[in-house]
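Subject: Structure handover

Hi,

Here is the structure I promised to pass on to you. My notes on what turned up in it follow below.

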Amino acid sequence: TYDTEVVFFRNNDYWGGAPDIETLKIIYYDSAKEVKDALLDGSLDLVWGAGVLQAADISSFEDDGPIMEQFSVFHSEIIQHKILLLNTGKAPLDDINVRKALIHGIDKKEIVNLELGEDTRTVEN
């Protein structure tokens, strides 16, 4: 389907031997709720990456015995970074004091907790 999925098919003539997987389908979902629903209804086999599911959803999976009989949840080191870029070539951000005020005035930990969950670390600068 255009713009919502990519399908890869096994190359039986691959020089290293044919892979065990016949088909790999990568699907785009509009929301974390759609991802969670697809996992629970069995139409999705794997979720990979940070921010795909809400931290509360992952915690609810881990706290639910019957769900954990169906799923395995693995946590890795940080695999995704979010950055904020400032155009320091134009006012008012060309003033170092304005940039310092912004950096000190932003509660980075709170933003990260809301967006990525409390298990995520922030960079201190």
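Lys-33 and Asp-37 form a salt bridge, with their closest N and O atoms 2.7 Å apart; the term stands for a side-chain nitrogen of Lys or Arg within 4 Å of a carboxyl oxygen of Asp or Glu. The two residues are about one helical turn from each other, because they sit four residues apart in helix α1. Lys-33 is exposed at 55% relative accessibility, whereas Asp-37 is partly exposed at 34%. Here buried means under 20% relative accessible area, exposed over 50%, and partly exposed in between (1.4 Å probe, protein chains only).

Before I go on, a word on the basis: this is a predicted model, in which local features need pLDDT of at least 70 and side-chain atom pairs count only at pLDDT 80 or more, while totals for chains, interfaces and linings use all residues. Residues are numbered from 1 along each chain as its sequence is written, and side-chain values use heavy atoms, with hydrogens and water left out.

How many salt bridges does a search of the whole structure find? It finds three. Another of them joins Lys-36 to Asp-57, with the closest N and O atoms 3.3 Å apart. This pair links distant parts of the chain, with Lys-36 in helix α1 and Asp-57 in helix α2, 21 residues apart. Lys-36 is partly exposed at 23% relative accessibility, but Asp-57 counts as buried at 15%. There is also a bridge between the side chains of Arg-10 and Glu-22 (3.9 Å, N to O). Both of these residues lie in the loop between β1 and β2, twelve residues apart. Arg-10 is partly exposed, at 30%, and Glu-22 is exposed, at 53%.

On the overall layout, the protein has five helices and two strands, in the order β-β-α-α-α-α-α along the sequence. These are DSSP runs numbered from the N terminus (helices: H or I, at least four residues; strands: E, at least two). Of the 125 residues, 12% are buried.

The largest nonpolar core consists of Val-35, Ala-38, Leu-39, Leu-44, Leu-53, Phe-61, Ile-67 and Phe-71. Helix α1 (residues 32–41) contributes the most to this core, with three residues. Such a core is a set of buried Ala, Val, Leu, Ile, Met, Phe, Trp, Tyr and Cys residues joined through side-chain atoms within 4.5 Å.

The structure also holds two aromatic pairs. In one, the ring centres of Tyr-14 and Trp-15 are 5.6 Å apart and the planes are at 45 degrees, so the pair is tilted. In the other, Phe-61 and Phe-71 have ring centres 5.4 Å apart and planes at 15 degrees, so they are stacked. Phe-61 belongs to helix α2 (residues 55–62), while Phe-71 is in the loop between α3 (65–70) and α4 (96–105). Both Phe-61 and Phe-71 are buried. For the cut-offs, rings of Phe, Tyr and Trp (its six-membered ring) pair if their centres lie within 6.5 Å; planes under 30 degrees apart count as stacked, over 60 as edge-to-face and the rest as tilted.

Tyr-14 is partly exposed, at 42% relative accessible area, and Trp-15 is exposed, at 76%.

Best wishes
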